[in-house]
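Welcome! Please take a moment to look over the sequence and the 3D structure before reading on.

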Amino acid sequence: MSMAFDKERFKNSISDHSHEYFSGRYVFSNIGTFFARFLVRLPITPNQLTWFWGGLMVLSSLLFSTGKYELGIIAAVIWIAAYALDYSDGIIARYKGLRSPRGAFLDMIVHRLTYPMLMFCIGYGVCVSATGYYLPFDFLNGTVYICLGLASGVSMLLFMDATPLYEKYKEGDGSFEDRKGSMGVEGKSFKNQNLFKKLMNFNPLVFTNMMLMLLVFAALDAMSVFIILYGLGYSLATTGRILLLYKDL
């Protein structure tokens, strides 16, 4: 059953994504808004939508674990659509007046379950697949890719939670409480903040950039390169973030 659509209320329900990098601000937020324009007319709650896109992420991960080329492309498309729906549930929550701590908690838990699962399944898929290997990496044992998947998944968790944990244990005036991702941590030492943000738009380790790269590497049948890049990249980036925050305690 379709519900009446209030155009002005919908417009006011869209968050300001100007603080995000290019891929989040112009790709995922626009796709999420497009989805939400139709979903707000349906009798669904934002939490139900969160469960749905979380399920899509699990499905995407399992498809990646097969190591098959065609299924990998489908998996990448599903993951991108699922992440766009993550933007949609917030719009629906504001539009319908259903924002709640439970919704925010559920969103956090789903991300922390699905990110490591995605990376592990990609590593496993490369391990069991006879394709997706590019020189000079074709000599690596399959177990290495599983380990890289685990490393990237764990690193993503630590990367997300390092700053909130820092803020929890930081004594003093809580000057880090308003930090926003890399702009507030790694970007602190940059004198030119605008330049730093522009450069970060091209950083493949930015989560929204990584999600778009899923489709690129899947289409190139180069998931082995993907998991090497992100297994090492996220491990190094997370170590750097933790050291920066640790030194400031």
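The report below starts with the whole protein and then visits a few places in it.

## About the model

This is a predicted model, in which local features need pLDDT of at least 70 and side-chain atom pairs count only at pLDDT 80 or more, while totals for chains, interfaces and linings use all residues. Residues are numbered from 1 along each chain as its sequence is written, and side-chain values use heavy atoms, leaving out hydrogens and water.

## The overall fold

The protein has 10 helices and zero strands. Here, helices (H or I, at least four residues) and strands (E, at least two) are DSSP runs, numbered from the N terminus. Along the sequence, the pattern reads α-α-α-α-α-α-α-α-α-α.

Of the 249 residues, 45% are buried; buried means under 20% relative accessible area, exposed means over 50%, and partly exposed lies in between (1.4 Å probe, protein chains only). Among contacts (heavy atoms within 4.5 Å) with a separation of 6 or more, 79% join residues 24 or more positions apart.

## Two helices side by side

Helix H4 (residues 69-95) and helix H9 (residues 207-219) have axes that come within 8 Å and cross at roughly 160°. Axes are lines fitted to C-alpha atoms, for helices over the stretch in contact, and angles run from 0 to 180 degrees between N-to-C directions.

Which residues of H4 and H9 meet? Those in H4 include Trp 79, Ile 80 and Tyr 83, and those in H9 include Met 211, Leu 212 and Leu 215. By class, this contact of H4 with H9 has 14 nonpolar, two polar and no charged residues. Ala, Val, Leu, Ile, Met, Phe, Trp, Tyr, Cys and Pro count as nonpolar, Asp, Glu, Lys and Arg as charged, and the others, Gly among them, as polar.

## A threonine inside

Thr 50 sits in helix H3 (residues 46-64). With a relative accessible area of 2%, Thr 50 is buried. Leaving aside residues up to four places away in sequence, Thr 50 touches Asp 89, Leu 106, Asp 107 and Val 110.

Most residues other than glycine have a negative phi. Asp 221 is not a glycine, yet has a positive phi of about 55°. Asp 221 lies in the loop between H9 and helix H10 (223-248), and is partly exposed at 24% relative accessible area.
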